[in-house]
Amino acid sequence: MNEDILEKQLYDDEAETFRNQLATVTDDGKRKWVYPKKPSGKFHRARIIVSAILLLILILTPFLKVNGHPFMLFDFLNRKFILFGILFGPHDFHLLVIAMISLIVFVILFTAVFGRIFCGWACPQTIFMEMVFRKIEYWIEGDSKDQRKLKSAPWTGTKFFKKFTKQIIFFGIAFIISNIFLSYIIGIDELIKIITDPPSEHLQGLFAITVFSGIFYFVFSNFREQACTIVCPYGRLQGVLLDRDSIVIAYDNIRGEPRKKFKKDEGWENRGDCIECYQCVEVCPTGIDIRNGSQLECVNCTACIDACDDIMDKIKRPRGLIRYASINSIEKKTKWKFTTRAIGYSALLTVLLTVFVILLANRTDFSVTVLRTPGLLYQEQPNDMVSNLYDLNMVNKTFNKIAITLKLEDVEGELKLVGNKIVMQPQGNIDSKFLVLLPKDELTTMNTPIDIGIYNEEKLIKKISTSFLAPMKKTVDEDEED
Ligand code: SF4
Ligand code: SF4
């Protein structure tokens with residue numbers, strides 16, 4: 001191999017060694033606890049507002065009702081989902097599949113273009129961790145330096161009080177979060193019942209709340225950033241979702257290098273704008289140095305942007321040494337463009353969403369299938385009547401119980417239901433059979449089209465067209481031969 005290439009290869013390998021291990025894990029595999037410095041700045045202020053709005057939406061949504069039913073419900077156990085007041089059940093599985101595929105394509109497209117913006121601004125894990133639990137920690141234990149000091153201090157009354165109070169508050173909030181999430185699964189009314197009824201009546205529900213609370217408490221008090229770096233599949237997929245045109249939180253190495261400590265009397269020639277102050281590293285909640293390049297641990301929390309902008313203001317250099325930018329826009333100074341990959345994903349997403357909207361618009365409250373019973377033709381009946389037997393399948397997709405009657409439309413004859421009257425439960429599915437009897441004289445062809453009306457209390461809810469089989473009519477010649 002050419003020596004220059006070999007040297008560059010070695011240099012690149014060395015520069016990338018930070019990728020060989022997680023920033024929060026020591027060489028011998030132990031956890032490195034992160035004590036991020038309190039963030040402040042315009043991005044942080046904006047994130048506080050966005051987080052407050054999203055938390056409010058999350059907390060209030062379970063209380064919203066449409067016609068007495070939840071606005072949103074994800075009842076996985078009973079396979080019942082309510083989205084924006086519309087009830088979806090197992091019969092809507094095709095819609096769910098298309099919605100899930102659209103969501104995945106949307107996430108891929110959004111990430112390919114805007115990077116992990118969702119993680120920093122809207123992910124519940126980041127919002128709860130950075131805007132709720134971390135804030136309480138700063139309030140009780142102080143900024144990172146105080147927290148470190150407290151950690152290494154001997155166990156005094158003050159230390160015990162601070163640590164104990166923090167854990168109690170953390171568990172209290174984890175308990176509230178578990179109740180909020182449970183209200184999306186079982187509904188707010190059921191949750192209130194569990195809270196207000198004697199505990200012995202809802203042992204299962206109480207068990208679920210306790211388990212959820214324990215999990216949330218563990219995640220936010222101990223597991224923390226590892227949920228994003230080790231567990232979250234979205235975080236781990238960044239390597240394949242991002243490309244050099246994706247907008248990420250990036251350090252402008254062209255402007256920042258060569259980095260050097262700042263001395264007041266020195267000029268800015270032959271050096272970069274990075275003054276090696278490590279403020280961007282100190283504030284990072286995942287413990288990384290963004291100057292190494294885009295990394296899977298970065299949750300796009302913007303703390304390093306604010307920290308660096310603050311330093312740039314102090315040393316009177318332009319802001320944005322760390323900013324939202326694509327790697328190509330930094331290295332090649334290219335303007336942001338919609339890449340071929342993004343165009344492809346957009347086209348696919350448009351097709352999926354179009355199919356989804358068409359299916360949703362044509363979705364009815366009832367689905368009815370009427371088929372002539374397989375293997376049977378027609379039956380000759382007394383009084384010159386002919387009958388056909390039909391299979392009926394009905395799905396009631398509404399919240400209401402309904403009584404169903406079937407009637408023959410625009411034809412003389414009789415319709416007899418096999419068995420009892422049909423009463424459909426909300427989200428119910430019914431299989432039944434019925435007979436249609438028509439006078440032989442009226443049947444001029446072997447296959448007569450007929451309409452069957454499906455009624456709920458005299459209100460026509462659906463009209464189904466099917467066919468009626470009859471014996472072949474004898475011609476005049478055949479009659480004479482007889
Ligand atoms: S905060 Fe800015 S100047 Fe300071 S080390 Fe980080 S990138 Fe360099
Ligand atoms: S590198 Fe910056 S944006 Fe990424 S997690 Fe750390 S502080 Fe947040």
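Reply:

**Helix 15 and its surroundings**

Lys316 comes after helix 15 and has a positive phi, near 60°. The helix itself covers residues 303-314 in this predicted model.

Helix 15 is mostly covered, with 9 of its 12 residues buried. The buried residues are Ala303, Cys304, Ile305, Asp306, Ala307, Cys308, Asp309, Ile311 and Met312. The cover over them includes helix 2, strand 6 (248-251), helix 13 (253-256), helix 14 (279-282) and strand 7 (322-325). Of these, helix 2 (residues 42-60) has the highest mean pLDDT among the elements of the protein chain, at 97.

The largest nonpolar core has 28 residues, and Tyr251, Ile290, Cys304, Met312, Leu321 and Ile322 are those with the most contacts inside it. Helix 4 (117-121), strand 6 and helix 15 each supply at least two of the core residues. Helix 15 gives the most, with 7 residues. In soluble globular proteins, nonpolar side chains tend to be buried together.

Not counting residues up to four places away in sequence, Met312 touches Arg255, Asp273, Arg317, Pro318, Arg319 and Leu321. A second core, of 24 residues, is separate and includes Val370, Ile402, Met424 and Phe434.

Ligand 1 has Cys308 and Met312 around it, together with Tyr251, Cys274, Ile275, Glu276, Cys277, Tyr278, Cys280, Arg291, Leu321 and Ile322. By class, this shell is made of 10 nonpolar and 2 charged residues, with no polar ones. Around ligand 2 there are 13 residues, of which Cys284, Cys298, Val299, Cys301 and Cys304 come nearest. The shell of ligand 2 has 10 nonpolar and 3 polar residues, and no charged ones.

One backbone feature belongs to the segment between two of the covering helices. Pro258 is in the loop between helix 13 and helix 14. The peptide bond that joins Glu257 and Pro258 is cis, with omega about -10°.

Positive phi values also occur elsewhere in the chain. Arg224, which is not a glycine, has a phi of about 45°. Arg224 sits in the loop between helix 9 and helix 10 (226-231), and counts as buried at 1% relative accessibility. Glu458, also a residue other than glycine, has a positive phi near 65°. Glu458 lies in the loop between strand 15 and strand 16 (459-469), and its relative accessibility of 60% makes it exposed.

Thr111, in helix 3 (residues 93-114), is buried, with a relative accessible area of 0%. Beyond four places in sequence, Thr111 touches Tyr234, Gln238, Leu241, Leu242 and Ser246. Thr210 is in helix 9 (residues 203-223) and is exposed, at 51% relative accessible area. Arg236 belongs to helix 11 (residues 233-236) and counts as exposed at 52% relative accessibility. Leaving aside neighbours within four places in sequence, Arg236 is in contact with Thr229, Ile230 and Leu296. Arg236 and Leu296 are 60 residues apart in sequence, and their C-alpha atoms are 6.6 Å apart.

How far can the coordinates be trusted? The mean pLDDT of the protein chain is 87, and 94% of its residues reach 70 or more. Helix 1 (residues 3-15) has the lowest mean pLDDT among the elements, at 48. Over residues 1-11 pLDDT stays under 50, and the model has 1 contact beyond four places in sequence for that segment. Where pLDDT is low, the predicted coordinates should not be read in detail.

Conventions:
Residues are numbered from 1 along each chain as its sequence is written. Chains are lettered from A and ligands numbered from 1 in the order in which they are written. This is a predicted model: local features need pLDDT of at least 70, side-chain atom pairs count only at pLDDT 80 or more; totals for chains, interfaces and linings use all residues. Side-chain values use heavy atoms; hydrogens and water are left out. pLDDT is the predictor's confidence in each residue, from 0 to 100. Helices (H or I, at least four residues) and strands (E, at least two) are DSSP runs, numbered from the N terminus. Contact means heavy atoms within 4.5 Å. A residue is near a molecule or strand if one of its heavy atoms lies within 4 Å of it. Ala, Val, Leu, Ile, Met, Phe, Trp, Tyr, Cys and Pro count as nonpolar, Asp, Glu, Lys and Arg as charged, and the others, Gly among them, as polar. The expected span of a helix is 1.5 Å times one less than its number of residues. Buried means under 20% relative accessible area, exposed over 50%, partly exposed in between (1.4 Å probe, protein chains only). A nonpolar core is a set of buried Ala, Val, Leu, Ile, Met, Phe, Trp, Tyr and Cys residues joined through side-chain atoms within 4.5 Å.
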